[in-house]
Amino acid sequence: MDISFPNRISWLSGVAVIGLLTAGCGQDPIPEPALSAASESPVTGDTYVEASLGDPSRLNPLLASDSASGSVNSYVFNGLVKYDRDLKLVGDLAESWDVRRNGLEIVFHLRSNVKWHDGAPFTADDVVFTYERLVDPKVMTPYGSDFALVKSVTALDDHTVRVEYKEPFAPALESWGIGMVPRHVFVGKDFNTHPANRAPIGTGPYRFVQLKTDEKTVLAANPDYFEGRPYIDRVIVRVIPDSSVQFLEMRNQSIDTMGLRPDQYRAYDAFFMNHRKFRYPSFSYTFFGFNLTRPMFHDVRVRRALAMALDKREIIDGVLMGYGRSATGPFPPSSWAFDPTVPEVPFDPGRAKALLAEAGWGDTDGDGVLDKNGSPFAFTVITNQGNKMREQTALILQAHLARVGVRVDIRVLEWSSFIHDFVDKGNFDALILGWNLGRDPDQYLIWHSSQRGEGRYNFVGYDNPETDRLWEQGRRTFDLDQRRAVYQKIHRLLAEDMPYIFLYYPESLPVVHRRFQNVETAPAGIGWNFREWFVPWSLQRYRLAS
Amino acid sequence: MGAFLFRRFALTLVTLLGITLMTFLVMRIAPGGLTAGTTDLSARVSAHEQRKKFAALYDLDKPWYVQYGRWLKRLSRLDFGRSFKDDRPVLEKISERLPNTLLLNVLSLGLVFFVAVPLGILAAVKQNTVWDRAVSALVFIGFSAPTFWLALMLMMLFGVTLGWLPLSGLHALNADELSATSSVLDMARHLVLPVLISAFAGLAGLSRFVRNGLLEVVRQDYVRTARAKGLPESRVIFRHALRNALIPVVTLLGLSLPDLIGGGFIFETIFAFPGMGRLGFDAVMARDFPVVMGVGTIAAFLTLAGNLLADVTYALVDPRIRLAGKHR
């Protein structure tokens, strides 16, 4: 199974296509659809067809970590809380909650009118059951760490749940956004292998209808949804494993939505005759991380010099085609923890060279590569296969660092061995990778010195008592303004200390078919009000046979 | 014949066992380990924790020979285990895709034979003419053009520009609501491009094989005799030469048996075709050992069965091969 050759080709042709698509088009904004429908009152009907690159693995919000499962689960399940359009936590299955004893106790008051898709009532026992599975060592959930600080979860009555914490934990509330699973379905049976993981029963706006492996998942509107029936009759998630084919399927109106790559976003207008384009910042960032246990990266002046030698504009313009912005720290600009006053590292190769010289690096043998005590300043940066943007970023970085006399080799590794044999084991000089972030700014797992060690997320080996203390404080502080102050301090400290060169915050670039009304971008992106989307009768594409 | 069959069968079993052992060891030696399909890290998801639980639950922390022993024991009951990815029985996952892949490959193999044999004959009979060159050019274009590129181009043409055919997948979205006839028609429409493209790529091998086989046979004495008898050229070619020239094609047929269940990963990815290639490839990438072993074992089994079948057929159709202890 030699795929390296075709892969290479597809990369090259990808570049050619990028060139082709961008050469002629001046990126004219497409006029908005002249629909009189906006004033029309919502009607039910039609189908919303999504595309996913992969096949969902487990339709159980506790077990799944792939995006395909996540996208289906978000229609079928509800958490106790959710984020609204402005990224504020509001009640979902919980009507309200009280935080007591300085955050050591949260009492959730559950809605009383919620029914599982099989008709059974949703009660506090389901919440207790969900919690017990999250901390059950036999259950293969990756979400246990959020609940490690929970002391107990008790059902006070059918619709009241008390959660006690061993110590105050500010991200706690967000963690209860995880989908609740039905006790009566799973109780007494093996949670990991239960058939309901392929035919889920939830409380959400859509009921599960059918899953055809590697083809599609079909969901139907839940008429008994506690917030009211959604207008769109069906949601279908189609598996189309190739992004270019997804793009053609979009052009053919066979799919109603997809996430675009920057080069696709800039394609001819003809591609978007029937779809509206959206762009908004995503909750993620891409970084260049130093292995801080390597002596050559010990000196902060060296890390700073490398950051100054790198012209990030070229990455943003060349790799993201402008659909993203330069990163200054670990919080994205749409997070409340982001500090807009943290300065950018200036692009200044001259200053970079000076800093390197200050740190003892000079080109004594005249070979164009800096050296110190006889060893050259050369290292290997690794990144994973399958992410062209990271590979291209590595190439730009290599070229820019070469100009200040640093030799960088690039190694692109298949994901599984990249994670297991290199990242988990700290077996690298430097890497390019990205973080998907939660809405809560807590990144204790990434930065705290206790999180070093095999398989943990502080794989760069960052050890700073000051930020350690701040991350701990951030987890204990419930007051939003005080918490913001803590994280803004962290933002500034990390920007100065540079355990990573924070490269960029990419944007989400989705399209949605124009027939859907009420699609609205907000800080939460699109889709936060999906229940209110509808298609005017005359524009509906899919009609149910029965 | 009985003894021959028995010996070949026993040998096949030993080979099969050896192949499973090799597959098992290669997967163990390969770098990396169990991972989810997503190539992103999420700050709130501790995949490492999940993997550790996984390892314990699936005996991955035991020495390899213990694991292999248990796998063999299960295999003796025809139990291929459960996939790490979604915990479904491996056999179930394979049986979902095998029919799709078989359908595609049987159609495309059929088309290949249907087109390649006449093309080969044409090229041989009209050796060194413009016909021969045209056929060569055509089949080599098919052989050399990257499938994914060709597929995308044809998809653009027939799917987007002309709008005659669906782009990808195997069924329409409303396939469940269609009547039996329209459902067959729908599948046929979805199969046109995949079958055409995979057949186009396969033309070269077989047509060259037929051409060269025929050219060789045509030089034989008995063909000269046939011509000397004054038989018409068509009778010489089709009655005398072709039948012998086609004998090696039988071997080729036997050897293509495993191809029938093997799917091309890139091909299936482009057409969003739910086949064996993607199953196997994704399993390898995610280090989903039970699926890799299952797919590997079944592929090995069919390859060996194909070889066995080809051997036996040879013995039956080729008078030059005598069994009963004589030299081969």
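Helix axes are lines fitted to C-alpha atoms over the stretch in contact, and the angles between them run from 0 to 180 degrees between N-to-C directions. In this predicted model, the axis of helix α6 of chain A (residues 243–251) and that of helix α6 of chain B (residues 147–161) come within 11 Å of each other and cross at roughly 10°. Because angles under 35 degrees count as roughly parallel, α6(A) and α6(B) are therefore described as roughly parallel to each other.

From chain A, the residues that make this contact are A:Val245, A:Leu248 and A:Arg251, and they meet B:Leu152, B:Met155, B:Met156 and B:Val160 of α6(B). Sorted by class, the contact of α6(A) with α6(B) comprises six nonpolar residues and one charged residue, with no polar ones.

## Chain B: overall make-up and a helix pair

The C-alpha atoms of chain B fill a box of roughly 85 × 60 × 40 Å along the principal axes, and 45% of the 328 residues of the chain count as buried. Of the contacts in chain B between residues at least 6 apart in sequence, 72% join residues at least 24 apart.

Within chain B, the axes of helix α4 (residues 90–125) and helix α7 (residues 180–218) come within 5 Å and cross at roughly 35°, and the crossing of α4(B) and α7(B) is right-handed. The contact of α4(B) with α7(B) has 25 nonpolar residues, five polar residues and one charged residue.

## Helix α2 of chain A

Helix α2 of chain A (residues 67–76) has seven of its 10 residues buried, so this helix is largely enclosed by the rest of the structure. The buried residues of α2(A) are A:Ala68, A:Ser69, A:Ser71, A:Val72, A:Asn73, A:Tyr75 and A:Val76, and they pack against strands β1 (45–52), β8 (206–212), β9 (216–221) and β10 (232–239) of chain A.

A:Asp429 lies in the loop between α12 (415–423) and β20 (430–436) of chain A. With a relative accessible area of 16%, A:Asp429 is buried, because the cut-off for a buried residue is under 20%.

The side chain of A:Asp429 is joined to the side chain of A:Arg294 by a polar contact of 2.7 Å, and the side chain of A:Asp429 also reaches the backbone nitrogen of A:Thr380 at 2.9 Å. Apart from neighbours within four places in sequence, the residues in contact with A:Asp429 include A:Gly289, A:Phe290, A:Asn291, A:Phe297 and A:Phe379.

Notes. Residues numbered from 1 in each chain as written. Chains lettered and ligands numbered in written order. Predicted model: local features only at pLDDT ≥ 70, side-chain atom pairs only at ≥ 80, totals over all residues. Heavy atoms only, no water. Helix = DSSP H or I, 4+ residues; strand = E, 2+ residues; numbered from the N terminus. Parallel < 35°, antiparallel > 145°, perpendicular 65-115°, else oblique. Contact = heavy atoms within 4.5 Å. Nonpolar A, V, L, I, M, F, W, Y, C, P; charged D, E, K, R; others polar. Buried < 20%, exposed > 50% of the residue type's maximum accessible area, 1.4 Å probe, protein only. Polar contact = N/O pair within 3.5 Å; in protein donor to acceptor, adjacent residues only side chain to side chain. Left-handed = near helix turned anticlockwise from the far one by under 90°.
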